Amino acid sequence: MDIKKGIPVSSGVAIGEAFLLDHEGYRIPKRFISNHPKAVEREKERYRDAVEKAICELQDIEEKNQGNKDIAILFMGHRFIIEDPGIQEEIIEKIESFYYTAEYAVSHTMHKHSYKLKSLPNDYHSKRSIDLEDIENRLLKHLLGGQRENLCNLKNPVILVAKDLTPSETVILPQDRILAFITEIGGRTSHTAIVARTKGIPAVVGVNAATSQIRTGDIVIVDGGKGIVIIDPEPSALEKYRLQQKKEQVRQEKLKTLLNLPVETIDGYTITLRANIEEPTEVKIAMKNGATGIGLYRTEFIYVNEIDPQEETHLSAYKTALKDLKGNKLIIRTLDFGADKNFGLEDFVGEKNPFLGCRSIRLCFEKPDLFKKQLRAILRASSLGDVEIMFPMISSLEELLRAKGILEEVKQDLSKENISYNKNIKVGMMVEIPSVAITADLLVKEVDFFSIGTNDLIQYTLAVDRINERVAPLYKPAHPAIFRLIKRVVDIAKENHVKVSMCGEMSAESHYLVPLMGLGLREFSLSSSIILNAKEMIRKITMRRAKQIAQNLLNCITHEEALEYLDKELG
């Protein structure tokens, strides 16, 4: 039995067989064929046959995912690369001129282009190199006749073990067959972590050497709440965690009894719980779990592998969300491109520090047509339901006024075209940069609401990369600076009768939720899978006690002292 520790990112216990995603791909030695014309022609034919099979395979995936445009477009992009005449000629030329085997010609070509992308000083292109690795492995599979099982063909539930997840793996993930995630890379707010929490799947990330120490078929226990991974567990450990699983199942059934009860404290204070979503199809799940609307719609995911979706594409997504919300609120965050979410905008290559570069609202200012297209769609959707607009990554009053100015231009255009929209649509902004939290008194008169985004607020305040497992211990939500900044924003909003909510992952943790309520927050937006957990905590406490806990927490002088206090008070 081997016990490993990682970063707990999604609670729950899973026991099952491991499935190792081999991101190293196929190891292809440098081998040659005979220089005889027939041998060369035979090798070229092997390559063309592999191409044909790969294209058919990708077309089949596209056809099966016609209802999900993002997935279809992703694999269409893979197909276009395989069909690209330049790529094909380059591989054929290696077979004809250097007498490489088809396998080595493919591997050599794809590795070359992948290396070029990885060497660019831009996170987006480094990640796009993973697409080329996917394509290489697909071609090699057909050349080698490999029958390696892949994610979309899984027949039995497994615990997924990987260095990280590639784009294609993420979009075709068979959720009913994934018991848990284990990855070597990532932090509490990494993509894998957010996906796991959204789907309610136990997950541990930042597990050192997981892919070298866990093999496919190994029995593994994942404790997503404590960040523990047990490889080849002893019978006593299996018995302990199976009992824990049964207790959790009973607890989840008990939570369902809260669905029709009000979200309020013992002393009658009402709290609003909404959901964070990335796709409109997630609205139904959110409502099923008791959400009273959507507090954060991450619209940049409309752009996955589609650089320039049209206004109607945006509008269609918003209409779908509104239909399933049945009159509940939809807060749409405008495009938050940049850093780890570039989605094909190659005009922004070469940034040495993309998290501090041309991202989010700054990028929208540089691409006003892109920005206005989305604003038009949001405004048009506002005539169909309760829609609000939220600007992300605002760092100054000047940026906020500029964004509002562009919104007014779009309103005027729609009015001239006699297109209906809600002329009194509410406009808010994310508070996720320290400069805005500090100068909230200067911005509050220009917005209808604030929404505190703790993922980036913590990252920028503490200078800690939130998706880097190496510095994960320094990502401290209970740091005195964080609670003081949050309190300042809440106090200023209240003084000016402006609504303030929180949509970051911090409020998803019950021991932070209570003091945040005590600071004055009454609206939260969370991952759908943990809404009932939050509701349970809220209904167990009085607001008076929440305020006491918040005040005592503000007196703590270190993150560790704060955690110790919260553990003592809330368990």
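The legends below describe close-up views of a predicted model.

**View 1. Helix 19 and the elements that cover it.** Helix 19, which spans residues 510-518, is mostly covered, with 7 of its 9 residues buried. The buried positions are Y512, L513, V514, P515, L516, M517 and G518. Among the elements that cover these buried residues are helix 18 (480-495), strand 15 (499-502) and strand 16 (523-526), and the covering elements also include helix 20 (531-539), helix 21 (543-554) and helix 22 (559-570). Helix 19 is followed by G520, a residue whose phi is positive, near 120°.

**View 2. L516 and the largest nonpolar core.** The largest nonpolar core holds 98 residues, of which F391, F450, I452, I486, L516 and F524 touch the most other members. Helix 18 contributes the largest share of this core, namely 8 residues. Another core, of 28 residues, lies apart from the largest one, and A50, I95, Y104 and L132 are among its members. As a general background to such views, nonpolar side chains tend to be buried together in soluble globular proteins.

**View 3. The salt bridge between E523 and R274.** The structure holds 38 salt bridges, and one of them joins E523 to R274, with the closest N and O atoms 2.9 Å apart. This pair links distant parts of the chain, since E523 belongs to strand 16 and R274 to strand 9 (residues 272-277), the two residues being 249 residues apart. Both partners, E523 and R274, are buried.

**View 4. The salt bridge between D386 and K329.** In this view D386 forms a salt bridge with K329, and the closest N and O atoms are 3.3 Å apart. D386 lies in the loop between helix 13 (368-381) and strand 12 (387-391), whereas K329 lies in strand 11 (residues 329-333), so the pair ties together parts that are 57 residues apart in sequence. D386 is partly exposed, with a relative accessible area of 32%, whereas K329, at 14% relative accessibility, counts as buried, because the term buried applies under 20% relative accessible area.

View 5. The side chains of D491 and K487 meet in a salt bridge with an N to O distance of 2.7 Å. These two residues are 4 residues apart in helix 18 and are therefore separated by about one helical turn. An α-helix has 3.6 residues a turn, so residues three or four places apart point the same way. D491 is partly exposed, at a relative accessible area of 26%, and K487 also counts as partly exposed, at 30% relative accessibility. Elsewhere in the model, E41, K44, E45, R48 and E96 are linked in a network of salt bridges.

View 6. A search of the whole structure finds 6 aromatic pairs. One of these involves F98 and Y100, whose ring centres are 5.5 Å apart and whose planes stand at 20°, so the pair is stacked. F98 counts as partly exposed at 44% relative accessibility, while Y100 counts as buried at 8%. The rings of Y297 and Y318 have their centres 5.9 Å apart and their planes at 90°, so this pair is edge-to-face. Y297 in strand 10 (residues 293-298) and Y318 in helix 11 (residues 311-325) are 21 residues apart, and their pair links distant parts of the chain. Both Y297 and Y318 are buried. F32, F98, Y100 and Y104 form one aromatic cluster.

**View 7. Charged side chains over aromatic rings.** R402 lies over the face of F365, at 4.3 Å from the ring centre. In a second example, the charged end of K423 sits over the ring of Y421, 4.8 Å from its centre.

**View 8. Strand 4 and its parallel neighbours.** Strand 4 (residues 158-162) has 5 of its 5 residues buried, so it is largely enclosed by the rest of the structure. Both of its faces are covered, with V158, L160 and A162 buried on one side and I159 and V161 buried on the other. Strand 3 (residues 13-20) pairs with strand 4 in the parallel sense over 3 bridges, and F19 stands opposite L160 in strand 4. Strand 5 (residues 178-183) likewise pairs with strand 4 in the parallel sense, over 5 bridges, and V158 stands opposite I178 in strand 5.

Conventions: Residues numbered from 1 in each chain as written. Predicted model: local features only at pLDDT ≥ 70, side-chain atom pairs only at ≥ 80, totals over all residues. Heavy atoms only, no water. Buried < 20%, exposed > 50% of the residue type's maximum accessible area, 1.4 Å probe, protein only. Contact = heavy atoms within 4.5 Å. Salt bridge = Lys/Arg side-chain N within 4 Å of Asp/Glu carboxyl O. Phe/Tyr/Trp six-rings, centres within 6.5 Å; stacked < 30°, edge-to-face > 60°. Lys NZ or Arg CZ within 6 Å of the ring centre and 35° of its normal. Core = buried A, V, L, I, M, F, W, Y, C linked by side-chain atoms within 4.5 Å. Pairing = 2+ DSSP bridges.
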